[in-house]
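Have your viewer ready and your selection tool to hand. We will take a short walk, one stop at a time.

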Amino acid sequence: MGNNNLLHKILFFFITKIIIGIAAIAGAVVLIESALRPLLEKIKLSDELTNGIVGILESAAAVIIYFFLFKFYEKREITELNPGTYGRYVKAGFYIGFLLQSSFIFVIFIAGDYTIIQVNPFSYMIPAFTMALTAGFVAEIIIIGIVFRLIEQQFGTAVSLAIMIVLFIIAHSGVKDGNLVSVLSTSIVAGLLLPASYVYTRNLLLPIFLHFAWDFTEPGIYGAINPSISITKSLFDSKISGPRLITGGPLGPQNSIQALIICLVLGFIFLRLAKRKNNLVPFKTSVRV
């Protein structure tokens with residue numbers, strides 16, 4: 001009985017859950033990339049169609065694995081992916097992500113450093129759309145649905161947010177061409193804004209589609225640099241010049257000073273609203289095993 005009890009504690013320890021959850025979703029993504037993508041390339045599908053199929057399947061795999069794994073693991077309903085909330089949070093997340101990136105570009109435009117050279121067909125947005133879809137679903141289900149959520153259960157909202165911000169600061173402190181503003185901007189967006197949007201709604205769809213619209217809008221519409229989305233087509237062929245502080249330099253507008261300030265403010269607004277809804281998890285001094 002003693003060994004069984006110890007095994008049960010280890011299996012249901014929050015770090016074990018995090019490792020198993022990440023491994024399951026990452027494993028599915030690797031399998032799709034290594035097995036399906038080469039098959040699609042062999043049958044001579046276009047790159048855009050191949051990326052679209054792969055992106056949809058990876059996103060679906062992340063959702064399905066998360067849903068059934070934690071439904072079984074935690075013996076509960078997965079309310080954070082409630083189909084009844086799709087319309088509301090999908091639209092809200094997309095609009096927020098789009099408006100955030102548009103506000104960063106608007107600051108650059110007002111400074112006279114953003115110029116549209118050419119307007120392209122709408123089909124030029126497809127590559128960014130498919131790549132951003134995968135980034136939104138896979139990244140946020142892992143980062144927020146698994147890592148943040150399980151840490152928050154153990155230590156409370158405030159501590160878990162602090163841990164996430166520190167982790168992203170560490171992860172991005174050595175990024176090529178990075179500086180203090182870019183590191184802080186990325187850490188505030190990924191470690192504060194996106195988790196705070198989840199805390200406010202207790203629904204993963206808002207951060208998923210906020211992330212999706214964020215990664216889609218910057219390169220796919222405005223033709224700006226996005227460090228995680230590498231594409232050659234966008235709705236606008238544009239020229240961005242000027243001081244790195246407001247343009248983000250080689251890391252794009254999402255790493256500008258206006259991005260840092262706006263996302264910091266919005267993150268705290270989400271937390272303020274979450275507090276009004278009693279959605280904040282209080283600080284915990286002990287770790288449950």
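Predicted model: local features only at pLDDT ≥ 70, side-chain atom pairs only at ≥ 80, totals over all residues.

Numbering starts from 1 along each chain as its sequence is written, and side-chain values use heavy atoms, with hydrogens and water left out.

**Stop 1: the helix pair.** Select residues 14–42 (α2) and 47–74 (α3): these helices pack at about 155 degrees, with axes 10 Å apart. That angle makes α2 roughly antiparallel to α3 (the term covers angles over 145 degrees). The contact of α2 with α3 has 18 nonpolar, 4 polar and 5 charged residues.

**Stop 2: two loop residues.** Most residues other than glycine have a negative phi. Now select Lys 75, in the loop between α3 and α4 (86–110): its phi is positive, about 50 degrees. Lys 75 counts as exposed because its relative accessibility is 64% (exposed means over 50%, buried under 20%, partly exposed in between, with a 1.4 Å probe and protein chains only). Next, pick Arg 202 in the loop between α7 and α8, where phi is near 55 degrees. Arg 202 is partly exposed, at 23%.

**Stop 3: the largest pocket.** Which residues are the closest to its centre? Select His 172, Thr 186, Ala 190, Ser 228 and Gln 254, from a lining of 25 residues. Then colour α7 (180–201), which gives the most to this lining, with 7 residues. By class, the lining has 13 nonpolar, 10 polar and 2 charged residues.

Methods: 1 Å grid on protein atoms, 1.4 Å probe; cavity = no way out; pocket = protein on both sides within 12 Å on 5 of 7 lines; lining within 4 Å. Helix = DSSP H or I, 4+ residues; strand = E, 2+ residues; numbered from the N terminus. Nonpolar A, V, L, I, M, F, W, Y, C, P; charged D, E, K, R; others polar. Axes fitted to C-alpha atoms, helices over the stretch in contact; angles between N-to-C directions. Parallel < 35°, antiparallel > 145°, perpendicular 65-115°, else oblique.
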